[in-house]
Amino acid sequence: MKSSRAKSFGGNEKRLEQLTAWLMAGPAIFGLLVFIGLPFCLAVIFSLTTLKLDSPLPVEFCGFEQFYRVFADQGFRQALVNNTIFAAVIVPLQTTAALALALLLNRPLRGMIIFRTIFFMPVIFPMALIAIVFELIFAPGPNGLLNSFLLFLSNGYWQPLDFLHNPHTALAAIITLSIWQGVGFQMIIMLAGLQAIPAALYEAAAMDGADRWQRFVHITLPQMRNTIIFVALVTTILAFRLFDQVWILTQGGPNRATTTVMFETVRAIFKRQDVARGAAMSVLFFMIVLTVTILQRWLAKEKREID
Amino acid sequence: MAELILDKVSKIFGNNRVISDFNLKVADGEFVVLVGPSGCGKSTILRMIAGLEPLSAGEIYINGELVNDVPPKDRDIAMVFQNYSLYPHMTVFDNMAFSLKMRKINRPQIAERVHRTAETLGLTDLLASPSRALSGGQQQRVALGRAIVRDPQLFLFDEPLSNLDAGLRLDMRAELIRLHKSLAATMIYVTHDQTEAMSMSDRLVVIKDGLIMQIGRPLEIYNKPANLFVAGFIGSPPMNFISCEVIRQGQDIQLCRDDFRLTLKAADFPALGSYADRNRQVIIGLRPEDFIVAGKPDSEVDNLQKIDVVVEYTEPLGSEILATCQLAGLPMTIRLAPDYRVIPGQELALLIKIDAIKLFDPQTGGAL
């Protein structure tokens, strides 16, 4: 109907439709440009300068100097290592945990909605609140929640640790709380994926002689492939953006054991006023996330279902 | 190869009794069709046989073994689903090989069996294609292949042809009949399509509201329907029904409705006597082919009775003409020869084949 009218009125109608489309999309495009496009371009430009807010020296163009410096910086290198460890642990662990939870919560059981809500709740809690709760759990000395629990389990043999301020346990502590906080989100996505699998496939497989585990391997996993890829991708990106927990609980310490790229970036800009350096870090951060994303999509590309 | 017994099987969903005391014995190698309108519970029965639905009461035996608590995977039953339920992430080969892999059969043997089955179904060229790229008819074939390749004790079909277009459905019907002959396997087939049911089955089970209305060979059911429901459900176009007064006239019994009169010999229809005496009505059932156009003498049929009807409209189908006529204020469908010239509004003298008449009690619905 629309297209036939467009034809009979010649190009005018079509141009009007295009104008309408642009008008409708306008506010969103404007927002994207101002709040994402512009800052990103500015970051790229700043990263090539010596811009420092409290510096009396004039701002100069310095090419890739900032990038060299960033790479030479021990703190940033450690941040990259930490982020990589964090992602390498969290992505498989959290994805598996989310799938396991989703499988548990996908049963037709009375009161299931309550369990689903409980497991999803940490996602909507503000990180500050969660950090405080975990600060209590990880509290040092024999009276800390986790320490006293471990003391009880080991019948008094456990040596109480200061989890958040011990270089060997600090990152692990951050990982634990991050999984607890984030797994609900991935679980919901997994749950949606599970519910999209037709029940008849399981019935057909059961008739074909597949037991519970075989049905999981041959029906659930292949059917969940795209969902799992998506969850892994999102988790990876979120893992590289790790910041809040670190900022609130450890300030990157002890001895840089928990510092992250985001943390270093924020510190460079807002603590040391070193805008150019921070900009270089965020550009690097962007490149890393982009590379990981492209890599993951490429690895998962074969057999990808487009429907 | 299997013998199947359903003994007083019942299914209750919530407060809803879907199946009540269902008894059925299927002999080894038999092709039994469960037929009934949608919602009559026939698919539920099939799913209970498969083990996909627990029984509320009763027992199911396969080869004499009670299987109530045997999970579906251990029942050695193959099922073809209405929407085929192929594994969308697998190729045709993998779909067919799946059950064999689950049974840990070695690879060369799997390949051999899949190829052999694929050949009988004309699927060889499709073996490498992903199953979700197939057309409906092809998917149907693969679903069939997936069932056959296993060589199971029992085949279950849940309306497997209802998603296919008419031409394909006829082809697959013929193919299934051929397969049943060559495999000599026990098959239970659910459909709401009475033509399908008639043409394929060794035995037919007509179901309504979870109750068996009649079990029998297709022609037996067609010619001697046990009740009004079966009479109306089996046969296309359906049987014509006329409810009549029953009047005794000496040696004869007269069935009347308005100006329609049918005179029967009381001796031939002994059951009618009591209806006449108690002044009760009966329902006459006449199939569309139970009429002969008067003036076209048919020497092979005797015992005819003449009635006059007015043609309302006709449906020429090529192989025959269906004419809907007015008789005593009721529409009646009759079958006419394809070359017969008839126009709406025309008066037609018909001869009724008295021997073909079916009589039913209007209260119980049972045949007399």
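Colleague: What makes A:R267 partly exposed?

Modeller: Buried means under 20% relative accessible area, exposed over 50%, and partly exposed in between (1.4 Å probe, protein chains only). A:R267 has a relative accessible area of 24%, so A:R267 is partly exposed. This is a predicted model, in which local features need pLDDT of at least 70 and side-chain atom pairs count only at pLDDT 80 or more, while totals for chains, interfaces and linings use all residues. Residues are numbered from 1 along each chain as its sequence is written, chains are lettered from A and ligands numbered from 1 in the order in which they are written, and side-chain values use heavy atoms, with hydrogens and water left out.

Colleague: Why is A:E264 called buried?

Modeller: The relative accessible area of A:E264 is 2%, so A:E264 is buried.

Colleague: What makes the contact of A:R267 and A:E264 a salt bridge?

Modeller: The term requires a side-chain nitrogen of Lys or Arg within 4 Å of a carboxyl oxygen of Asp or Glu. For the side chains of A:R267 and A:E264 the distance is 3.5 Å, N to O. Both residues lie in helix α12 (residues 261-271) of chain A, three residues apart, about one turn of the helix. Helices (H or I, at least four residues) and strands (E, at least two) are DSSP runs, numbered from the N terminus.

Colleague: How many salt bridges are there over all chains?

Modeller: The count comes to 19. One of them joins B:R203 and B:E30 at 2.5 Å, N to O. B:R203 lies in strand β9 (residues 203-208) and B:E30 in the loop between β2 (16-26) and β3 (31-35), all of chain B, so the pair ties together parts that are 173 residues apart in sequence. B:E30 counts as buried, at 12% relative accessibility.

Colleague: Why is strand β14 of chain B described as largely enclosed?

Modeller: Five of the five residues of β14 (residues 282-286) of chain B are buried, so the rest of the structure largely encloses this strand. On one side B:V282, B:I284 and B:L286 are buried, and on the other B:I283 and B:G285.

Colleague: How do you know that β11 of chain B is joined to β14(B)?

Modeller: Two strands pair if DSSP finds at least two bridges between them. Five bridges join β11 (residues 240-249) of chain B to β14(B), and the two run antiparallel. In β14(B), B:L286 is the bridge partner of B:N240. Another three bridges join β14(B) to β20 (residues 358-360) of chain B, also antiparallel.
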